[in-house]
Amino acid sequence: MYGNQSYTGHFEKRIVMNESTTPTKYGGGGLGAWLLSFSLLMGGLSFTTTSHAEMAEGFAEGSRPSPPSAEQVEAGKRVYFTKCVWCHGVNGAGDGPGADRLWPRPRNFNAGTFKIRHTASGELPLIDVDLFQTVTHGLPGSAMPSWEGILTEDQRRDVLAFVTTELVKDRSWQDTEFEEFHVLQLETIQPVPPTAESVKRGSELVKEMKCIECHGLEGRGDGNAFNLKDDWGFSIQPADWHKCWNFRGSRQDAYNVKNIFRTFSTGVSGTPMPSFADNTTVEDRWHIANYVNHLCERDKDVDIAGGNVTDEIAAALVAAKPRAIDPLTDKPKVDFVIPSKFVEGELPADEHDERWNLVDRRIVAMGGQITHKPRNFVTRIDDVWIQSLYNETHISFMFRWDDRTKSVQKDSVDWEPYEVNLGDYGIEEQAPGGSLFADDPEHPESIAAKQTAYQVFNDGLAFQFPIKWQELPAPRKPRYFWGDEGFPVDIAKWTADGELKAYQGEGWDVDFEDRDDFTEQLKVVKAEWANGRWTVIITRPLKGDYEEDAYIELGKYIPINFFVWDGHNGDVGRKMAVSAFYYLVLEPPIEKETYIYPTLAAIGLVLVEGWILTRRANRRKGKV
């Protein structure tokens, strides 16, 4: 499963040297690790333990930490039961009262299995480096927050003393018989410069090493979206390489290629992500890291042609600039203004039209709808990229978002598309459950365990404008969630079965008004899912009935917000991802005279200056 010799050797060492060891002690892998080790041994395979002479390239032998004092452990216990117990649980088993609504699940400390490490695969992490950084900066892409500014440095070290001595039950940092520390020398290893040649070589290596089987041809985590589980039996998904800000252990430094190199060198313990230290060179791992790092969203979207990276594509990836990261959210900085540029003639029919380069793309942050039931505690779509162009009569929106699965509803449903109160048809919010690990190791009722068991509905996207936004008294807006009675909204909703409908919304619990007359004026120009990403282009008229439609005007800040449904996540009705309000601005076209008059003035100025200089030169020569 893990494809890593040193990890399995760690299991074998425990089996051979301590026959009384229970299955949960085998490298922190629980029953799955035990079965893996047993099958390997029965198959007659020979594995040796990692020793100093056998260390993978780039690693060096490290020292074990000193045991903390009893006073420090006691101080850490007070911190833990004040701040940490709510997710990680009384016994540190990842079963706190909030755990069942979190995905990925909080860490179960008992087995001593930690994802983010500088140590070799299967080994315990460095407390003062790995665990301290995790507590300090949190784990982006999960519910683990940064505790810097909330806990003092001493409190963070104290709580780690408690966790590592009292809650890690199956292993010990002081175990000289079984535990070894081989540390990746990340600060002294010479990196390979991120050249186009290195990026292209990295794109070839991810195919050779079969990374694409999980992460997908273009690295959006769509290669194996359903079949992966962690060591505790919970459904997990491969990382989306286009979202480096969600990489665990990015240390508030999303575009730092060293973080990616570390992950490929050490693996992610407790998951199917192996270490590549034993079957690649340091140079190859740098090439892979450079490629993955340059897939992360830049200022310009680069088409990587299904992972078939040419010299030109590699050069374009290297030339594109990283996006600015907001230090408060650890996500790309958000600009709440969505510009739309004027183009002449027909609006673009696909994403490759060069005219899309006229306008900046904007990232729209999405969050799970948790205001009204059924709430979406586990949203798998956290952003949408948007561009907009318009001509004399229509406006076009191009939406692109990463979705590991194309979801199209196959079974008929009992409700109509305009109905929103789906509880009447049995669509209820899932109750949390499955917290008792000893009684129910698979947690069948846990939200985190049910990611592959939902009924599949249509993927979908919708956007809304206040119908009479001109009459909104600043800074008031209609309710973000389908408007309200005082200020209804104009909604356009697309679903993956090919339907695009216009509705009027007057509240989160009020059925939409089906507007067939305006639906006829909407058009899906393109809707395609490929390599883990949806591309949907929708056009609509600029003008309509002022009383019923958003009347889009030039140069005005028009409120707009967005909704996305992930059908494989069981998203339907009110269970979805939703954005805050943004502002659409149609930038007025620049008149030709704006370019002509300054050009003529510049030419005239040059001619006059030339005439003056010529007269001066002639005077000096006595010609005048």
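Biologist: How many of the eleven residues of helix H4 (residues 127-137) are buried?

Modeller: This is a predicted model, in which local features need pLDDT of at least 70 and side-chain atom pairs count only at pLDDT 80 or more, while totals for chains, interfaces and linings use all residues. Residues are numbered from 1 along each chain as its sequence is written, and side-chain values use heavy atoms, with hydrogens and water left out. Helices (H or I, at least four residues) and strands (E, at least two) are DSSP runs numbered from the N terminus, and a residue is buried when its relative accessible area is under 20%, exposed over 50% and partly exposed in between, for a 1.4 Å probe and protein chains only. Helix H4 is largely enclosed by the rest of the structure because the buried count among its eleven residues is eight.

Biologist: Which helix do the buried residues of H4 pack against?

Modeller: The buried residues of H4 are Ile127, Asp130, Leu131, Phe132, Thr134, Val135, Thr136 and His137. With contact meaning heavy atoms within 4.5 Å, these buried residues pack against helix H5 (153-167).

Biologist: Which residue of strand E12 (residues 500-505) stands opposite Ile491?

Modeller: Strand E11 (residues 489-495) is largely enclosed by the rest of the structure, because seven of its seven residues are buried. Val489, Ile491, Lys493 and Thr495 point one way from E11, whereas Asp490, Ala492 and Trp494 point the other way. Strands pair if DSSP finds at least two bridges between them; E11 pairs in the antiparallel sense with strand E10 (residues 460-466) over seven bridges, and Leu461 has Trp494 as its bridge partner. On E12, which runs antiparallel to E11 and is joined to it by six bridges, the residue opposite Ile491 is Tyr503.

Biologist: Which residue in the turn between E11 and E12 has a positive phi of about 95°?

Modeller: E11 and E12 form a hairpin, with four residues between the two strands. In that turn, the residue with the positive phi is Gly498.

Biologist: How far from Glu419 is the nearest side chain of opposite charge?

Modeller: Glu419 lies in the loop between strand E9 (394-402) and E10, and is buried without a salt bridge, that is, a side-chain nitrogen of Lys or Arg within 4 Å of a carboxyl oxygen of Asp or Glu. Lys and Arg count as positive and Asp and Glu as negative, with His and the chain ends not counted. The nearest side chain of opposite charge to Glu419 is Arg574, at 10 Å.
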